[in-house]
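Student: I have a structure to study. Can we work through its charged side chains together?

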Amino acid sequence: RFYYHQGVQRSDLKEQKLHYKELWGYINGLNIDKMEFNNDQDSIVFTENLNVNAEKYASKTGDRLLMQPNAFNRLGSAPPRYQPRKIPFEIERGFIDLDIFEIIIPDTMEVEASMNNVSIKNKFGEYIVTITDHGDSKLTYHRKFILNKGSYEKEDYAAFRDFWLEIIKVDNSKIVLKSKS
């Protein structure tokens, strides 16, 4: 994942913005206001700091708004199902994703229902999500996903796939906002 993301910084500004608009194509009205990159090749850490906004990101349901706090780093699909799996499998490259999103809620809205904090840890990795309501129209969403490299027995594959499916489920969780009036 390091090598995939670090190439962005070498592109011109127009290509950088296009990269993120394609990556997050599911976000309507995405505007990228500011981008900063820090490429620490010695530690193999690439940091992207972006300021973005998207009007009408939340979907309206009656008098409520539904929004996914994890707008930018969702797992999209699960590993294929094999019945029965016949060979061991390997995760060739592990990685660590650490995401922190600050969500500003309009003064006219409040959180009616939030997602639960989640912590999953097993031999394949670790996945932790917390959402903090600061009570001042600001939420902070933290997501940490560690995928461990390694070789695994064929019998472990179903558990690995279940781990991945649980991450997809949490990554797509929503919070409910309602009008203060």
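**Charges and their partners**

Tutor: The protein carries 26 positive and 27 negative side chains, and the centres of the two sets lie 5 Å apart. Here Lys and Arg count as positive and Asp and Glu as negative, while His and the chain ends are not counted. A charge is placed at NZ of Lys, CZ of Arg, CG of Asp or CD of Glu. This is a predicted model: local features need pLDDT of at least 70, side-chain atom pairs count only at pLDDT 80 or more, and totals for chains, interfaces and linings use all residues. Residues are numbered from 1 along each chain as its sequence is written, and side-chain values use heavy atoms, with hydrogens and water left out.

Student: How many salt bridges does the structure hold?

Tutor: Side chains of opposite charge can pair when their charged atoms come close. A salt bridge is a side-chain nitrogen of Lys or Arg within 4 Å of a carboxyl oxygen of Asp or Glu. The count for this structure is eight.

Student: R64 forms a salt bridge with which residue?

Tutor: The closest N and O atoms of the pair are 2.5 Å apart, and the partner of R64 is E112. The pair links distant parts of the chain, 48 residues apart: R64 is in strand β4 (residues 64–67), and E112 is in strand β7 (residues 109–113). Strands (E, at least two residues) are DSSP runs, numbered from the N terminus, as are helices (H or I, at least four). So the residue asked for is E112.

Student: Are R143 and D99 buried or exposed?

Tutor: R143 forms a salt bridge with D99, with the closest N and O atoms 3.3 Å apart. R143 lies in strand β10 (residues 138–147) and D99 in strand β6 (residues 95–104). Buried means under 20% relative accessible area, exposed over 50%, and partly exposed in between (1.4 Å probe, protein chains only). Both R143 and D99 are buried.

Student: K138 forms a salt bridge with E102. What does E102 count as, buried or exposed?

Tutor: The closest N and O atoms of K138 and E102 are 3.8 Å apart. K138 lies in strand β10 and E102 in strand β6, so the pair ties together parts 36 residues apart in sequence. K138 is partly exposed, at 25% relative accessible area. E102 has 54% relative accessibility, so E102 counts as exposed.

Student: Which side chain of opposite charge is nearest to R161?

Tutor: R161 is found in helix α3 (residues 157–171). R161 is buried yet has no salt bridge. At 5.3 Å, the nearest side chain of opposite charge is D162.
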